[in-house]
Structures are given as structure tokens and as C-alpha cells.
Amino acid sequence: MTGPETAAAPDAVARNTAPLERYRIMRRIRSFEERVGEMFLRGESAGSMLHLSIGEEGVVGVTDAMQEGDSFTTHHRGHGVFLARGADPARMLAEIGGRESGYCRGKGGSMHIADRALGHLGANAIVGGGIPHVVGAGLSYRNQGAGQVSVAFFGDGAMQQGILYEAMNMAALWRLPVVFCCINNQYGMGTRIDRASASVDFAARAAAFGLAGISTDGADVEVVHAAAQDIFAGARAGRPGFIEVSAYRFHGHARMDKSPYRTPEEEAEGRRRDPIANARARLMAEGLADEAALDRLDAEATAEMDRALESAVQATMPPLHAMFEDVYDPETPAPEPLRRRLARILNA
Amino acid sequence: MTETTYREALRSALEDAMASDPTILLIGEEVGVYGGAYGVTKGLLDRFGPERVIDAPISEPAIVGAAVGAAMTGSRPVAELMYVDFAGLVMDQLGNQAAKSRYMFGGQIAVPMVLRTQGGTGRSAAAQHSQSLEGWFLHTPGLRLAMPATVNDAYHLLRAALVQPDPVVFIEHKGLYTLKGPLDRDRPDADWGRALVRRPGRDLTIVTYSRMLHESLAAAEALAAQGIEAEVIDLRCLNPLDEAVPVASLRRTGRAMVVSEGVMTGGVAAELSARLQELCFDQLEEPILRIAGEDIPIPVSPDLERAAIPSAGLIAEAGLHLMRREVAAWAR
Ligand SMILES: Cc1ncc(C[n+]2csc(CCOP(=O)(O)OP(=O)(O)O)c2C)c(N)n1
Ligand SMILES: [Mg+2]
């Protein structure tokens with residue numbers, strides 16, 4: 001299993017490694033998502049319902065404000081968040097390919113990756129489905145008193161889902177260590193947010209429930225990070241918060257969507273809001289890294305994800321009997337396979 | 001008579017019905033500009049405009065609830081639930097509101113709406129996008145339930161759903177959208193609520209619906225090669241449920257299998273098998289077999305997904321065992 005690799009720190013970055021580290025994570029996310037696309041094209045993914053988070057890497061400003069022990073749930077476009085929280089890309093890709101060595105033994109796939117050890121309580125394919133879980137996690141943490149925070153990551157589409165507001169109200173009412181993070185990529189499938197909502201001031205909605213609410217430009221990871229640190233400091237002290245990370249979904253909704261509902265001009269404009277290109281320019285301008293060092297990081301990310309993809313593609317599929325496992329606790333009887341039941345009837 | 005696809009037949013049914021009934025509205029996520037997640041409503045926004053083809057936010061309970069209110073007030077709404085798996089979000093509006101209004105309010109307030117949705121496996125779409133939840137709706141008095149398996153039924157059952165006096169849940173199968181077949185706009189295969197013998201046979205009765213019709217027909221073909229003639233019955237609607245056709249068949253054959261993609265326990269196959277047993281008890285030569293989905297969530301890995309539901313091979317093997325005591329490999 002390949003863990004995140006650490007680049008040898010060039011002299012130029014010795015002053016402040018955190019922005020460079022955020023750049024590195026964003027770069028790894030993008031390379032990873034590109035490999036997901038490649039995996040699909042090679043026919044090695046389980047299905048085509050693969051939602052790339054390319055363009056949304058600025059969310060690293062939020063994940064970087066989390067601490068070890070914090071937990072989170074994500075929506076269906078959650079690869080980037082999980083990678084940023086320390087996921088092993090090979091195991092993620094194995095899961096996306098329905099392989100046995102995947103995070104969920106090939107049962108869940110891209111939309112249902114989880115890992116308890118890293119605090120990932122689950123990606124969800126029901127828009128809004130994972131949001132209330134952080135309220136419950138917040139209750140556990142409040143009562144256990146270990147200072148942990150639970151974070152719900154979701155898209156702008158979930159801003160129109162009633163359960164979000166039930167959850168926000170409870171979090172505020174019970175003063176829970178919870179953060180709601182909306183990754184606003186401007187679209188829910190083919191619907192631009194202004195066609196889904198008469199008001200798109202999402203932070204104001206959170207404020208109306210008594211949450212600390214802030215909207216940030218996801219094209220600038222450092223801006224996101226500064227805001228997230230405030231929100232998390234509040235949440236850890238029992239003042240739940242909401243942070244919107246505004247971004248642009250560079251690609252189609254899932255692998256089969258060519259976004260015919262967007263103009264090329266709009267897409268070109270949207271792709272200029274590139275958190276990675278921005279971070280690169282800023283790192284160089286501030287003298288935190290030179291071009292060669294950044295190129296080296298990029299190449300390392302590419303190589304890492306290439307290796308991860310090859311390992312995932314070569315991983316074996318789960319055996320058929322595995323489908324009956326994990327429905328219930330392993331100490332209790334698994335569901336009886338249909339064929340075994342039929343045999344009991346027919347051989348009676 | 002034209003040759004077309006299941007998807008196109010559904011689209012035509014909506015288009016023809018909307019052209020003749022101006023009270024019909026479509027409400028749902030991505031039904032307008034996008035043309036439907038599975039392309040069924042393509043072109044309808046252009047033809048009928050945004051007052052009648054309404055792109056909704058991702059707010060399923062309110063979409064279905066709004067359809068209930070629209071139906072109460074002279075509109076005939078077609079709410080689209082992109083995946084039947086999202087039924088959990090809308091079961092209150094459907095099961096407590098749409099289904100019960102006529103009854104609770106003493107017959108005054110009807111809810112003539114259609115909930116169009118799609119279900120089933122076949123895309124590695126995993127546990128929350130692959131289910132067959134018709135059993136949930138069947139378990140709710142007040143809801144009608146149609147599940148077309150053929151191109152002609154896709155058209156005619158949807159047209160029929162759009163003139164029903166009560167709420168109809170209309171479940172398409174994601175694996176059938178590209179199915180090709182004949183469409184005769186003037187002639188339904190049978191009336192709303194009637195089951196159909198899709199393949200006659202004297203030895204064994206197979207009762208099924210939706211995509212499992214095609215697995216069952218393939219199984220019947222395989223059985224015929226062994227000299228066993230299976231009669232394959234397509235229920236088409238689960239509510240109203242036509243008992244007469246399967247009962248008449250089973251009284252002749254004495255042997256039956258009920259095939260459904262939904263999980264076995266507490267499911268549609270259980271209901272059908274119980275009814276057939278009650279009505280054909282004296283003629284039964286063998287227990288009625290339920291060939292249904294495994295009692296598990298749908299796994300994402302493609303081989304596991306395929307194995308989680310019945311196949312033509314399994315149906316044929318079970319049929320052979322039932323008829324000839326030819327023991328299938330898995331039964332040894
Ligand atoms: C409850 C529910 N409704 C609808 C869908 C279908 N669907 C999947 S993703 C999506 C768009 C979600 O948009 P957003 O929340 O903004 O996330 P994004 O895909 O943009 O990351 C829709 C409508 C779903 N999976 N769950
Ligand atoms: Mg979005």
C-alpha cells in the first residue's frame with residue numbers, strides 16, 4: 001500500500017511549507033481524478049457513475065483545517081476530500097473498480113467509499129443522505145468530550161434538500177461540534193444553481209439557523225483555509241459552522257455527461273477559476289517554491305497515481321460468496337443464498 | 001406499427017398525452033433542459049414550454065407533495081423520481097398523502113397523479129441506485145402500480161396511467177431503455193390491469209414482470225430445447241393485479257415459478273406465490289418457487305451485481321429440477 005509521499009523540501013519553501021503542502025495535495029487529487037477517468041475509458045471501473053472533483057481542489061483549504069480524529073461524510077463527488085484526509089489512492093481506485101482490495105471490498109464503489117480509521121463515515125449517493133450523520137457524530141463528540149469535529153461535505157444541489165435544514169437547526173440548537181461544507185460547483189447535473197434556487201446566498205441561510213456561515217472562493221485555497229480555521233475553531237468550541245467553497249465543475253456530471261447545457265465560453269471561463277494554477281502562481285510569486293520544484297511535485301503526483309492505477313487494475317475481483325457478507329454482523333448468520341434455499345425445497 | 005425503443009415509446013406516450021390533455025404537467029429533476037437522466041423527456045420542454053415541463057430542485061418530498069396538490073386541483077401531474085431508490089425520501093407524500101387522501105376524506109379528494117421512476121440493476125450503480133422497490137408500493141393500499149416490460153407496454157401502460165383516477169406509480173427498468181420492439185400506437189397488447197401470456201406452454205407456469213420477463217422468456221427457450229414447455233406470464237400491472245391469467249395457467253400446469261428482481265423476503269414474489277397457492281392448492285404438483293433477488297443490498301462489483309438477481313440460467317435450471325428432478329449443480 002502506497003502512502004502519501006513527501007517531497008524533499010527545497011530551500012525556497014523552508015519558510016512556509018503549509019501552502020506548498022496544500023498545493024501538493026491538490027495536485028494529487030487532480031492526478032487521481034484523471035486516473036479515474038482513464039480507468040473508466042479502459043473499461044476497468046465498476047460502471048460509469050464516476051463524479052470527478054476536478055476544479056474543486058480548493059476544498060483542501062477545509063480538509064487542512066481538520067485534525068486527526070475528526071470525522072466526515074461526503075456526497076457522491078467525494079474522492080478529493082477523502083484523498084486529502086489521507087486515503088490510499090490505490091485502495092480508492094481498487095474500490096472504484098469493484099476490486100476486493102478496495103476500501104469497501106468492492107461492494108460500494110466510487111459513490112460509497114468509507115474508511116473508519118481515517119474518519120470517513122461514508123460517501124453517499126443520496127443527495128443530502130450523509131448530512132445528518134454529522135449531527136449524530138457531533139452528539140457523540142460533545143458527550144465524549146475529546147474535542148473532535150464532524151464535517152459534512154455536500155454539493156450545492158443538497159442546499160435544496162430539506163434534511164440539510166433539519167440538521168443545521170439541530171446542530172445550532174444543541175451547540176454541536178459540527179461543520180457543514182458546501183462545495184458549490186455551480187451545477188447539480190445539468191441545472192445551474194440559479195435555476196434551482198431563487199436565492200443563492202447560501203451562507204445567509206446558515207446564519208438564519210444560528211450557524212457561523214461564510215462563503216469562500218474555492219479558486220484560492222489559502223483564502224478557503226483561513227476562513228475554515230475560524231469556522232473549525234468555533235465548531236470545536238460548540239459553535240457549529242457552515243462554509244461554502246465556490247468552484248466550477250470542470251467536467252461533466254458523471255462520465256457519460258458531455259455537459260451540452262453549458263456553452264464552451266462558459267466552460268472556458270469556469271476553468272480559469274483553477275485552484276491549482278492559482279496556487280502555483282502564488283507560490284512562485286511569494287517565493288515559496290520555484291518552477292522546477294513545483295514541476296517535480298507534479299511529476300511525483302502523476303507517478304504516484306499511475307502506480308496506484310496499475311495496482312488497482314491488477315487487483316482481483318471479490319469472490320461471489322462475498323456478496324452475502326457484511327449484510328449483518330459477521331458473528332450472526334448471513335442471508336441464505338437463493339440457490340441454497342431452492343436446493344432445500346427441491347431436494348426435500 | 002413502428003419499430004422503436006422502450007425509451008422512445010415512453011417519450012412518445014408523454015408527448016401524445018400532453019398534446020391531447022393540457023392539464024398534464026411534468027415535474028422533476030432534470031426533466032426539462034437535460035431531457036431526463038435517462039433521456040425519456042427529451043424535447044418535451046421545447047414543445048410544451050416551462051409551464052408544463054418543470055425542472056425542479058433536488059427536493060424530492062416537495063416534488064411529490066407538489067404533484068399531490070396539483071392533482072387535487074385539476075392538474076394531472078407526472079412527477080419524476082430519478083431513481084426508485086429515492087422512494088425513501090418521498091414515501092410520506094406517496095404513502096400517507098397521495099395514497100390515502102381519497103379514503104381519509106370520504107371520497108371527496110382524489111389524487112390522479114403519476115409518479116414515473118426507474119429501478120433495477122445493470123449499471124454497477126451500487127446499493128442506492130439499483131434497487132427494485134415495487135414491494136414498498138404494493139404494500140400500500142391506494143396506489144396503483146405498473147411495470148412495463150415491452151416497448152408497446154411502455155407506451156400504452158403510460159398512456160393508461162395518465163387517465164387513471166388514482167395515483168399510479170409507474171416503474172421503468174433502467175436495463176430496458178434501449179430495448180427495441182414494435183410499437184402500435186393504436187393497439188395496446190391488453191387493457192390496463194390485465195396480465196398477458198407472452199409465451200404459451202403446457203408444462204410449467206412462470207409468472208413475472210418488468211425486465212425479468214426477458215430472462216424468463218430466455219429460460220423458456222432453453223427449457224423448450226429440453227422438451228419442457230413453460231408458459232410465461234407478464235403481469236404488466238401489480239395493482240390492479242390480475243390473478244385470473246396466472247391462476248388459469250397454474251391450474252393447467254400444476255407447477256409454477258414466480259420470478260422477480262426485487263429481494264425475495266417480504267417481496268412481490270412472496271405475495272404472488274401466496275395468492276397462487278391459495279387459489280390453486282388442489283392442482284399444485286410442486287411447491288411454487290420464488291426466484292427472486294438475493295436478500296442483500298446490490299453490490300457495485302459487476303459480477304456480484306449480476307449474481308445478486310435471477311438470470312435465465314437459474315430460472316431454467318430451477319425449472320428443469322422442478323419438472324424432471326434434474327439436479328442443478330448448485331443443488332448438489
Ligand atoms: C436524493 C437524490 N436525488 C437525486 C439524485 C440524482 N443526482 C445525483 S447527483 C445530482 C446532482 C447533485 O448536485 P450537487 O449536490 O450540486 O453535487 P455535484 O454533483 O454538483 O457535486 C443528482 C440530482 C440523487 N443521487 N439523490
Ligand atoms: Mg453541484
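Buried here means under 20% relative accessible area, while exposed means over 50% and partly exposed is anything in between (1.4 Å probe, protein chains only). Strands (E, at least two residues) and helices (H or I, at least four) are DSSP runs, numbered from the N terminus. The model is a predicted one, where local features need pLDDT of at least 70 and side-chain atom pairs count only at pLDDT 80 or more, though totals for chains, interfaces and linings use all residues. As for bookkeeping, residues are numbered from 1 along each chain as its sequence is written, chains are lettered from A and ligands numbered from 1 in the order in which they are written, and side-chain values use heavy atoms, leaving out hydrogens and water.

Back to E7(B), which spans residues 168-173: six of its six residues are buried, so the strand is largely enclosed by the rest of the structure. What does it pair with? On one hand there is strand E5 (residues 114-119) of chain B, which pairs with E7(B) in the parallel sense over six bridges; two strands count as paired if DSSP finds at least two bridges between them. Leu115(B) has Val169(B) as its bridge partner in E7(B). Strand E6 (residues 144-146) of chain B also runs parallel to E7(B), joined by three bridges. Here Leu145(B) is a bridge partner of Val169(B), and Ala146(B) stands opposite Phe170(B). To get from E6(B) to E7(B), the chain passes through helix H7 (residues 151-161) of chain B, making a right-handed β-α-β crossover. Right-handed means that, with the strands pointing away from the viewer, the path from the first strand over the helix to the second runs clockwise.

Zooming out, E7(B) belongs to an open sheet of seven strands with mixed pairing, in the order E3-E2-E4-E5-E7-E6-E12 (chain B). Strands E3 (53-55) and E12 (237-239) of chain B sit at the edges with a single partner strand each, so one side of each has no neighbour in the sheet. From one strand to the next, the twist averages 20°; such angles run from 0 to 180 degrees between N-to-C directions, with axes fitted as lines to C-alpha atoms (for helices, over the stretch in contact). Helix H1 (residues 6-20) of chain B packs on this sheet, touching E2 (24-28), E3, E4 (76-81), E5 and E7 of chain B, and its direction makes about 150° with that of E7(B). Contact means heavy atoms within 4.5 Å. Helix H3 (residues 60-72) of chain B lies across E2, E4 and E5 of chain B, at about 165° to E4(B).

The loops of chain B have some details of their own. Arg185(B) is in the loop between strand E8 (180-183) and strand E9 (196-199) of chain B, and it is partly exposed at 41% relative accessibility. Leaving aside residues up to four places away in sequence, Arg185(B) touches Ser12(B), Asp16(B), Tyr155(B) and His156(B). Its side chain makes a polar contact of 2.6 Å with that of Asp16(B) and another of 3.5 Å with that of Ser12(B). A polar contact is a pair of N or O atoms within 3.5 Å; within protein, one must be able to donate a hydrogen and the other to accept it, and residues adjacent in sequence count only if both atoms are side-chain atoms.

Glu30(B), in the loop between E2 and helix H2 (44-48) of chain B, is not a glycine but has a positive phi near 65°, and it is buried at 5% relative accessibility. Ser124(B), in the loop between E5 and helix H6 (134-138) of chain B, also has a positive phi, about 50°, and is buried at 7%.

Over in chain A, the magnesium ion (ligand 2) has Asp156(A) (OD), Asn185(A) (OD1) and Tyr187(A) (O) as its protein donors, 2.0 to 2.1 Å away. Donors are N, O and S atoms within 2.8 Å of the metal (3.2 Å for Na, K and Ca), and sites may look incomplete because water is not among the atoms. Asn185(A) is buried at 4% relative accessibility, and Tyr187(A) is buried at 5%.
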